[in-house]
Amino acid sequence: MAYPTDVVGILGIWSALLLMLMIYSYPLYKENPFFRFAEHLFIGLALAIAVITAIQTTMRMAVTPVLGGDIVYVIPIILGFMMYFIFSSDYRWVSRYPIAILVGSAIGLGMRGVIIPNILTQIINTITFPKSTDFMSMFNFVYIALGTLFAVMYFLLTYEHKGAILYPTRLGRWLIMIGLGAYYGNTVLFRMSMLSGRAQYLLQVLRIIPM
Amino acid sequence: MSEVLRKEVVYLITAIVVITMIADYFFGIKQLNDAASMVRTWAVVISAMALALGAVNLMRAHGNIVRKRVPGRWIYSGVLIFIFALTTLLGLLNINNPSTNPLYKWLFDYPYTSLGQTLYAITGFYIASAAYRAFRARNIDAALLLLAGIFVLLKNAPIGEVIWVQLPVIGGWFNDIGQVPAMRTFLITAAFGLLAYGFRTLLGKERGFYGEVATA
């Protein structure tokens with residue numbers, strides 16, 4: 001994106017910069033009126049944009065088909081309005097019907113979606129012998145196969161870990177720590193790169209570096 | 001009868017929808033596929049309409065703050081309500097393509113995008129201090145956490161290769177292989193957890209989302 005030349009664009013990038021600084025006034029100083037203004041502005045904007053997107057979805061997936069003669073799509077519209085009975089203390093139970101559809105479809109989709117990719121594929125990948133037989137491939141294979149077994153034991157064996165399972169579950173916990181450490185390291189890097197992106201934006205708006 | 005309508009029928013609908021979704025995946029029956037597809041569409045429409053429920057709730061809460069002129073808060077609530085009303089109105093003026101409205105597009109491109117990115121990036125400040133607290137080798141568990149975290153950090157940071165040329169290789173191993181047992185375990189155990197939760201819902205034992213207390 002090139003540095004804008006029109007008034008609207010320049011006003012846009014400067015307002016974006018000021019709002020950014022208002023937000024950063026909180027971690028760099030303390031809670032203050034500028035931060036609270038920017039925070040509430042964002043909530044209002046985000047909510048409005050989400051509502052507009054939701055209205056568009058409803059129009060596209062239900063209202064337009066109904067207007068086109070597909071009467072069955074009036075059912076989700078009625079169910080959607082039934083959600084608003086949640087505000088009524090006497091008729092709150094009416095809102096359970098749309099919730100039943102939402103929860104049922106989410107759990108049904110979730111259950112059918114986890115069996116193959118999250119259980120079967122993971123187990124197959126864990127116990128499949130590597131194509132290459134060099135030392136490192138064999139080491140990685142044994143590490144992953146035994147490591148996954150021990151870590152699953154640590155999670156699923158909910159009784160006291162003693163006797164034969166004491167050391168496997170302890171090793172499993174250590175491997176989970178390694179996994180969490182690597183995951184956390186990646187998270188730190190990602191958040192830091194986001195932060196440096198914002199610093200870059202500051203320098204771009206001030207024309208210290210090109211946009 | 002009332003109790004049946006309030007509870008039993010609701011549990012039955014949930015169970016029927018769950019079974020329809022699962023059966024649709026495993027059986028290639030056209031009528032079943034059509035029914036599951038339709039229920040999925042219904043769920044999308046209901047969740048879209050439910051989002052407006054959140055907006056109504058938030059407006060009620062902030063409207064009360066403005067109405068009562070709560071000191072130190074009502075001005076910000078007023079800003080929230082005003083910007084929400086303005087942006088929603090601008091979007092509704094051309095609901096098919098709101099970005100054709102210049103002011104809506106401006107609000108989206110500059111304040112919204114900038115604030116969204118900034119608020120997400122603000123965690124960078126906190127994660128640095130959290131990393132300091134987490135990465136302290138107080139015992140073997142914490143030491144392993146520290147070791148993996150440091151190697152992954154040094155793999156990606158340019159300084160890692162400057163310190164020792166093999167550091168990115170070791171960091172790469174932790175990233176590609178070292179964390180696999182843990183991540184695979186999370187996937188497998190979370191899947192078992194979801195299946196267990198699903199079966200409890202199917203049997204009508206999980207009722208928290210209806211506003212009821214779950215039974216054992």
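1. A helix here is a DSSP run of H or I at least four residues long, numbered from the N terminus. With that in hand, V18(B) is found in helix α1 of chain B, which covers residues 2-26. Keep in mind throughout that this is a predicted model.

2. Let's stay with V18(B) for a moment. Is V18(B) buried or exposed? V18(B) has 25 other C-beta atoms within 10 Å, and a residue counts as buried at 20 or more, so V18(B) is buried.

3. Now the contact between the chains. Chain A puts in 96 residues and chain B puts in 90 residues. On the side of chain A that touches chain B, the elements giving two or more residues are α1 (7-28), α2 (33-67), α3 (74-82), α4 (96-127), α5 (135-156) and α6 (166-205) of chain A. The most comes from α2(A), with 24 residues. Sorted by class, that side of chain A has 66 nonpolar, 24 polar and 6 charged residues.

4. Helix α4(A) deserves a look of its own. Its 32 residues should span 46 Å at 1.5 Å a residue, and the end C-alpha atoms are 44 Å apart, which agrees. Even so, there is a bend in α4(A) of about 45° at V114(A), and a proline, P117(A), follows within four residues.

5. On to chain A as a whole. You'll find 6 helices and 0 strands in it, running α-α-α-α-α-α from the N terminus on. Why call chain A more spread out than a compact globule? Its radius of gyration is 27 Å, well over the 17 Å that the globule rule gives for 211 residues, so the chain is more spread out than a compact globule. Along its principal axes, the C-alpha trace of chain A spans about 70 × 60 × 40 Å.

6. A few more numbers for chain A. Of its 211 residues, 34% are buried. Looking at contacts in chain A with a separation of 6 or more, 17% are between residues 24 or more positions apart.

7. Chain B next. Its secondary structure comes to 9 helices and 0 strands, and along the sequence the pattern reads α-α-α-α-α-α-α-α-α. The radius of gyration of chain B is 26 Å, whereas a compact globule of 216 residues would have one near 17 Å. Its C-alpha trace spans about 70 × 50 × 40 Å along the principal axes.

8. Last, the inside of chain B. Buried residues are 32% of its 216 residues. Of the contacts in chain B between residues at least 6 apart in sequence, 11% join residues at least 24 apart. For chain B the domain assignment gives domain 1 (1-68) and domain 2 (136-188), and 43 Å separate the centres of these domains, taken over C-alpha atoms.

Notes:
Residues are numbered from 1 along each chain as its sequence is written. Chains are lettered from A and ligands numbered from 1 in the order in which they are written. This is a predicted model: local features need pLDDT of at least 70, side-chain atom pairs count only at pLDDT 80 or more; totals for chains, interfaces and linings use all residues. Two residues are in contact if their C-beta atoms, placed from the backbone, lie within 7 Å. Ala, Val, Leu, Ile, Met, Phe, Trp, Tyr, Cys and Pro count as nonpolar, Asp, Glu, Lys and Arg as charged, and the others, Gly among them, as polar. Domain bounds come from an automatic or database domain assignment. The expected span of a helix is 1.5 Å times one less than its number of residues. The bend at a residue is the angle between axes fitted to the seven residues ending there and the seven starting there. The radius of gyration is taken over C-alpha atoms; the globule rule is 2.2 Å times the number of residues to the power 0.38. A residue is buried if 20 or more other C-beta atoms lie within 10 Å of its own, exposed if 12 or fewer, and partly exposed in between; C-beta atoms are placed from the backbone.
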